[in-house]
Amino acid sequence: MGILNPARRRVLAGCAVCTGLAMLSACTSVGLYTGAAGTQEDAREVVRLVYGQGSPAEIQVLPYEGGDLSKAVQRLRDRYPRLQPWYAQGVIGNTSGGFVAVRDVRRRSEVSELVRAENRDRALLYVRGSVEVGHGTDDLESWLPYERESFGTEWIEQSPAGWWFLGKDRQWHEKTTSARVPPAREPGRSDSRFIW
């Protein structure tokens with residue numbers, strides 16, 4: 001093969017750069033989509049296990065299980081029976097941002113410790129979940145709102161009618177639709193594991 005003239009070399013170099021950028025762009029788009037889909041799937045499964053009182057074995061096979069995260073999910077599950085009557089009475093409710101808030105401020109002192117413990121474990125869950133879907137470094141702060149909102153949607157959607165939730169409009173709403181409970185994840189399925 002002969003030596004390329006300078007003009008042809010520039011054209012080929014430009015094509016190589018464009019091809020590389022196109023490939024990088026495609027990888028980034030797939031990674032972001034996969035991370036978002038994984039977050040939503042994991043939110044559905046974790047909330048299903050907490051509200052449905054899933055077994056420790058089910059918690060141990062969550063896509064991002066392990067260590068402090070599994071313990072946090074177990075604490076959420078174990079605490080749920082104590083929270084349930086307060087939800088049913090309308091004293092507390094879920095927020096669209098993924099946390100629990102006190103709705104009846106006159107009864108705040110009765111539930112404040114319970115709500116604080118719940119929100120502490122949910123915060124840990126959201127940070128660890130962000131890390132597991134590939135957003136644990138420089139973009140953690142930008143990803144956390146999406147993580148919290150994904151879980152917030154599930155906490156509200158899977159709750160029964162009659163419970164209260166704090167919407168994005170910062171107003172309390174009583175849920176009127178029945179709980180949307182997703183089916184259990186198939187054993188061995190781990191759509192949320194990523195190779196970046």
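## Helix 4

The bend at a residue is the angle between axes fitted to the seven residues ending there and the seven starting there. In this predicted model, helix 4 has a kink of about 30°, centred on Leu114. Helices are DSSP runs of H or I with at least four residues, and strands are E runs of at least two, numbered from the N terminus.

Helix 4 covers residues 108–132, and its end C-alpha atoms are 34 Å apart; this agrees with the 36 Å that its 25 residues should span at 1.5 Å a residue. The expected span is 1.5 Å times one less than the number of residues. Leu114 is buried, as are Arg122 and Tyr126, among others (under 20% relative accessible area, 1.4 Å probe, protein chains only; over 50% is exposed, in between partly exposed). Just after the helix, Gly134 has a positive phi of about 95°.

## Aromatic pairs

The structure holds 8 aromatic pairs. Rings of Phe, Tyr and Trp (its six-membered ring) pair if their centres lie within 6.5 Å; planes under 30 degrees apart are stacked, over 60 edge-to-face, the rest tilted. Tyr51 and Trp155 pair edge-to-face, at 5.6 Å and 65°. Tyr51 is in helix 1 and Trp155 in helix 5, so the pair ties together parts 104 residues apart in sequence. Both residues are buried.

Tyr87 and Trp163 are stacked, because their centres are 4.2 Å apart and their planes at 15°.

## Charges over rings

Arg122 lies over the face of Trp155, 3.7 Å from the ring centre (CZ of Arg or NZ of Lys within 6 Å of the centre and within 35 degrees of the ring normal). Arg103 lies over Trp164 at 3.6 Å.

## Basis

Residues are numbered from 1 along each chain as its sequence is written, and side-chain values use heavy atoms, without hydrogens and water. Local features need pLDDT of at least 70 and side-chain atom pairs 80 or more, while totals for chains, interfaces and linings use all residues.
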